[in-house]
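I open the notebook on a new model.

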Amino acid sequence: MYIKSSTTRRTFVIVGALCALPMAHAQSVFPARPITLVHPYAAGGPADTMARALAKQMESRLKQPVIVEAKAGGAATIGTGHVARSKPDGHTLLLGTSAGHVVTPLMQRIPYDGIGDFSFIAVVANQPNVLVAHPSLGVEKLQDLVALARKQPGTLNYASAGTGGATHLGAEAFAQAAQIKITHVPYGGAAPALKDLLGGQVQLGMLNLAATKAFIADGRLQALAYGGANPSPLIPHVPTLSQAGYAATATSTWYTLAAPKGTPADVIETLHRVVAEARQDPAYLAVLDGMGAEQMDLSPAETTAFVKRDQAAMTTLLTHLNLLAK
């Protein structure tokens with residue numbers, strides 16, 4: 001369009017710039033569209049339950065749909081790697097664990113940095129694991145299992161929720177401390193592991209209390225030891241690994257909320273505030289309490305430091321177990 005007057009031209013430019021302001025503001029609003037919350041395990045397991053509980057809280061506070069997506073496989077690297085490669089705008093998030101962020105990256109070469117490629121938002125929960133046995137094995141106490149395993153080295157097998165996760169490494173650390181040899185059978189999450197454990201295809205399992213407590217209660221599984229620092233009120237009769245004499249082998253699965261590296265600081269802060277507010281909701285707390293999950297109120301910086309400490313601890317353990325990538 002041809003404009004003769006320079007004054008008219010300047011006016012046109014100013015008006016045009018002012019008109020563009022609402023659009024620029026609208027583009028900076030978070031969230032601008034539905035959010036996808038990915039977890040790296042099979043649907044139906046504890047991670048899925050926790051993700052859905054958190055998604056519901058996020059929806060009510062952010063006023064956008066939150067879609068939970070299970071991307072299992074690759075020892076938690078498929079889902080974790082997917083989020084690492086996603087656009088860093090807060091619309092694709094990860095409910096991550098030590099397996100995808102720390103352990104698998106230490107055990108094998110993967111196409112992402114488990115810590116460096118993420119902006120950590122909060123620790124959603126810390127969930128101790130429990131060592132359980134199929135009743136057909138005929139063991140009622142941890143000492144019974146140790147005695148049997150020593151008589152039959154390598155013949156007993158145990159299910160975990162995946163190679164490199166807390167359920168795998170916790171069992172390996174216990175086996176080493178107890179000087180027994182048991183065979184690892186990894187699964188793509190707690191749900192498929194539990195299915196085979198209940199069916200008797202595997203004899204032992206190191207799994208989240210959330211996945212096992214109903215079956216412990218009805219006698220379909222025998223709980224031998226709890227991986228928390230203190231006994232769980234959900235299974236108060238079950239001793240901790242520490243009480244049984246294996247203090248260094250306490251095992252738990254932590255869950256963090258993380259975004260791709262480069263996500264704006266204000267978006268990280270908004271999401272952190274949502275998680276903090278969710279902890280004040282009795283319905284949300286009831287879900288986590290029912291899963292035996294412990295709460296940890298950490299800032300984004302403290303969450304990053306927490307993950308780095310786990311990395312240091314896992315480096316020591318994996319080196320000791322000769323599992324560190326060459």
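**Entry 1: helix α3.** I started with α3, residues 77-84. Six of its eight residues are buried, so the rest of the structure largely encloses this helix. Buried here means under 20% relative accessible area, exposed means over 50%, and partly exposed lies in between, with a 1.4 Å probe and protein chains only. Helices are DSSP runs of H or I with at least four residues, strands are runs of E with at least two, and both are numbered from the N terminus. I listed the buried residues of α3: Thr 77, Gly 79, Thr 80, Gly 81, Val 83 and Ala 84. Their cover includes β1, β3, α4 (98-107), β4 and β9. That cover is counted by contact, meaning heavy atoms within 4.5 Å.

**Entry 2: ground rules.** I noted that this is a predicted model, where local features need pLDDT of at least 70, side-chain atom pairs count only at pLDDT 80 or more, and totals for chains, interfaces and linings use all residues. Residues are numbered from 1 along each chain as its sequence is written, and side-chain values use heavy atoms, with hydrogens and water left out.

**Entry 3: overall figures.** I counted 11 helices and nine strands in the protein. Of the 326 residues, 51% are buried. The C-alpha atoms fill a box of roughly 100 × 45 × 30 Å along the principal axes. Among contacts with a separation of 6 or more, 76% join residues 24 or more positions apart.

**Entry 4: the largest nonpolar core.** Which residues have the most contacts inside the largest nonpolar core? I found Leu 37, Met 50, Met 58 and Leu 93, in a core of 35 residues. A nonpolar core is a set of buried Ala, Val, Leu, Ile, Met, Phe, Trp, Tyr and Cys residues joined through side-chain atoms within 4.5 Å. The elements giving two or more residues to this core are β1 (35-39), α2, β2 (66-70), β3 (92-96), β4, β9 (252-260), α9 (265-278) and α10 (282-290). Helix α2 gives the most, with eight residues. A second, separate core has 25 residues, including Leu 169, Leu 298, Phe 306 and Val 307. As background, nonpolar side chains tend to be buried together in soluble globular proteins.

**Entry 5: Leu 93 and Leu 257.** I set aside residues up to four places away in sequence. Leu 93 then touches several residues, among them Leu 37, Met 58, Val 83, Leu 257 and Leu 271. Leu 257 lies in strand β9. Its relative accessible area is 0%, so Leu 257 is buried. Beyond four places in sequence, Leu 257 touches residues including Leu 54, Leu 93, Phe 120, Val 124 and Val 275. I also checked one C-alpha pair: Leu 257 and Phe 118 are 139 residues apart in sequence and 9.9 Å apart in space.

**Entry 6: strand β5.** Are the faces of β5 (157-160) covered or open? Both are covered: Asn 157 and Ala 159 are buried on one side, Tyr 158 and Ser 160 on the other. β5 runs parallel to β6 (183-186), joined by four bridges. Strands pair if DSSP finds at least two bridges between them. Tyr 158 stands opposite His 184 in β6. β5 also runs parallel to β7 (204-208), with two bridges. There, Ala 159 has Gly 205 as its bridge partner. I logged β5, helix α6 (166-178) and β6 as a right-handed β-α-β unit. Right-handed means that, with the strands pointing away from the viewer, the path from the first strand over the helix to the second runs clockwise.

**Entry 7: β7 and Asn 208.** Five of the five residues in β7 are buried. β7 pairs with β4 in the antiparallel sense over five bridges, and Asn 129 stands opposite Asn 208. Asn 208 is buried, with a relative accessible area of 5%. Its side chain makes a polar contact with the side chain of Thr 253 at 3.4 Å. A polar contact is a pair of N or O atoms within 3.5 Å; within protein, one must be able to donate a hydrogen and the other to accept it, and residues adjacent in sequence count only if both atoms are side-chain atoms.
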